[in-house]
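Look over the sequence and the model together.

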Amino acid sequence: MEQTKERHWRRWVVLALMILGFFLAYFVGGIFVPVQPYISVAPEKLVYEPLISNFLGLGPLYLTNTLTTLIVTLILIIVLAFFTNRSLKNSQRTNLVPRGVGNAMEAILEMIYNLTESSAGQKWVRAIFPWFATILLYVLFANLLRLIPGFETIGVLHHAEDYGVAGFHAEPIAGHWNWYTAEEGEWVLAGFFRGLSVDMNFTLALALISVVMTQVIGMRAQGGAYWSKFFNTRRMFKVPFFGAMDFLVGLLEIISELSKILSFTFRLFGNMFAGTVLVAIAVSLIGFITIVPSMLMLFELFVGLIQAFVFGMLTMVFMAQATQGHGEEHAEAH
């Protein structure tokens, strides 16, 4: 009974914060109108001058807000790995169960390892597990990092006309919303950080790594016979009709492997970018109702978890399938 009474003050704190948020968004926001970030598919440049004028012959390399996020993400993961390693070493010296971050990471990695072993078997679990765990944890970390308050809303201001976008002001004309061209005094906010999964360069790089390493593991498991999945000519001259069909099916397998790159890239990018657009629109329209953006951020948390698991799980399943011979069941049946 005493514990219930002690917790009543927390409800009043939450209510007070909601009222304060409504007051700041509705009344103060009407006086001090903030510069809202605009929705852009490409990452925003923090500075106009390139860091490298010609990077590996691909053109100039600019300091974008996804590049800064990439650096911060790598630093945080290295720090997490350091403390995890120290926790596990301390537990080995004292013969005790690891505590804190070491215990949490051990439980997560053990779950991922068991999941990989149940799908790929004991023979190839050690080859597939590092890729599955790395992709899943990194994408999950990148997705959750963007939920930190101010992550994409604190940054630098650029003149809209210099940034190549339209201004913020619009009005309905003949039932349609037309954006004015940028004028002097209009600004664009480019956040210091932006979610990595909202950058198609990041999702494309992950997709290439996933598909290429699937072929590498398939080669390790089956050797040169792995390529008969794509170029099947074993029955081309013995049974011409069925041999031609096998060859065409192999070409379809090549198209299927290439389509995985597009599927991986746009699935992760599309879902995370759609969440960004949804939150931006909701905050612009009904941001003074503070509970709505909070609910949308919880939905973003759920989507980030699901997308990280789906990306890693599909990579693991495709790698497990690549270790199995394409015609093993057919050969055993005969």
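## Aromatic pairs

Rings of Phe, Tyr and Trp (its six-membered ring) count as a pair if their centres lie within 6.5 Å. By that rule, a search of the whole structure, which is a predicted model, turns up 8 aromatic pairs. Take Tyr138 and Phe202. Their ring centres are 5.8 Å apart and their planes meet at 40 degrees, so this pair is tilted. Tyr138 belongs to helix α5 (residues 125-145) and Phe202 to helix α7, so the pair ties together parts that are 64 residues apart in sequence. Tyr138 is buried, at 14% relative accessible area. Phe202 is buried too, at 11%.

The rings of Phe151 and Phe193 make another pair. Here the centres are 5.5 Å apart and the planes stand at 20 degrees, so the pair is stacked; planes under 30 degrees apart count as such. This pair links distant parts of the chain, 42 residues apart. Phe151 sits in the loop between α5 and β1 (155-159), and Phe193 in the loop between β4 (187-191) and α7. Phe193 has a relative accessible area of 27% and is partly exposed. Elsewhere, ring pairs join Phe264, Phe311 and Phe318 into a cluster.

## Overall fold

The protein has 10 helices and 4 strands. Along the sequence they run α-α-α-α-α-β-α-β-β-β-α-α-α-α.

Of the 334 residues in the protein, 31% are buried. The protein exposes about 21100 Å², and carbon and sulfur atoms supply 69% of that area.

## Helix α4

Helix α4 covers residues 101-120, which is 20 residues. From its first C-alpha to its last it reaches 28 Å, close to the 28 Å expected at 1.5 Å a residue. Its buried residues are Gly102, Met105, Ile112, Thr116 and Ala120. Seen down the helix axis, these buried residues fall within an arc of 105 degrees, so they line one face of α4.

The face turned away from that buried side carries the exposed residues Met111 and Ser118. After α4 comes Gly121, with a positive phi near 90 degrees.

## Thr116

Thr116 lies in α4. Its relative accessibility is 0%, so Thr116 counts as buried, the limit being under 20%. A polar atom of the Thr116 side chain lies 2.8 Å from the backbone oxygen of Ile112.

Which residues does Thr116 touch, not counting those up to four places away in sequence? They are Gly121, Val125, Ile128, Phe129, Phe132 and Met316.

## Ile135

Ile135 is placed in helix α5. With a relative accessible area of 4%, Ile135 is buried.

Leaving aside neighbours within four places in sequence, Ile135 is in contact with Ser210, Phe311, Gly312 and Thr315. Phe311 also belongs to the ring cluster with Phe264 and Phe318. Ile135 and Met313 are 178 residues apart in sequence. In space, their C-alpha atoms are 9.3 Å apart.

## Helix α7

Helix α7 has 23 residues, 200-222. At 1.5 Å a residue α7 should span 33 Å, and its end C-alpha atoms are 33 Å apart, which agrees. At the start of α7, a side-chain oxygen of Asp199 comes to within 3.1 Å of the backbone nitrogen of Asn201. At the other end, α7 is followed by Gly223, whose phi is positive, near 70 degrees.

The buried residues in α7 include Phe202, Thr203, Leu206, Ala207, Ser210 and Val211. Met213, Thr214, Gln215, Ile217 and Gly218 are buried as well.

Methods. Residues are numbered from 1 along each chain as its sequence is written. This is a predicted model: local features need pLDDT of at least 70, side-chain atom pairs count only at pLDDT 80 or more; totals for chains, interfaces and linings use all residues. Side-chain values use heavy atoms; hydrogens and water are left out. Helices (H or I, at least four residues) and strands (E, at least two) are DSSP runs, numbered from the N terminus. The expected span of a helix is 1.5 Å times one less than its number of residues. Buried means under 20% relative accessible area, exposed over 50%, partly exposed in between (1.4 Å probe, protein chains only). A polar contact is a pair of N or O atoms within 3.5 Å; within protein, one must be able to donate a hydrogen and the other to accept it, and residues adjacent in sequence count only if both atoms are side-chain atoms. The arc is that of the directions from the helix axis to the C-beta atoms. Accessible areas come from the Shrake-Rupley method with a 1.4 Å probe; for residues, only the protein chains shown count as cover. Rings of Phe, Tyr and Trp (its six-membered ring) pair if their centres lie within 6.5 Å; planes under 30 degrees apart count as stacked, over 60 as edge-to-face and the rest as tilted. Contact means heavy atoms within 4.5 Å.
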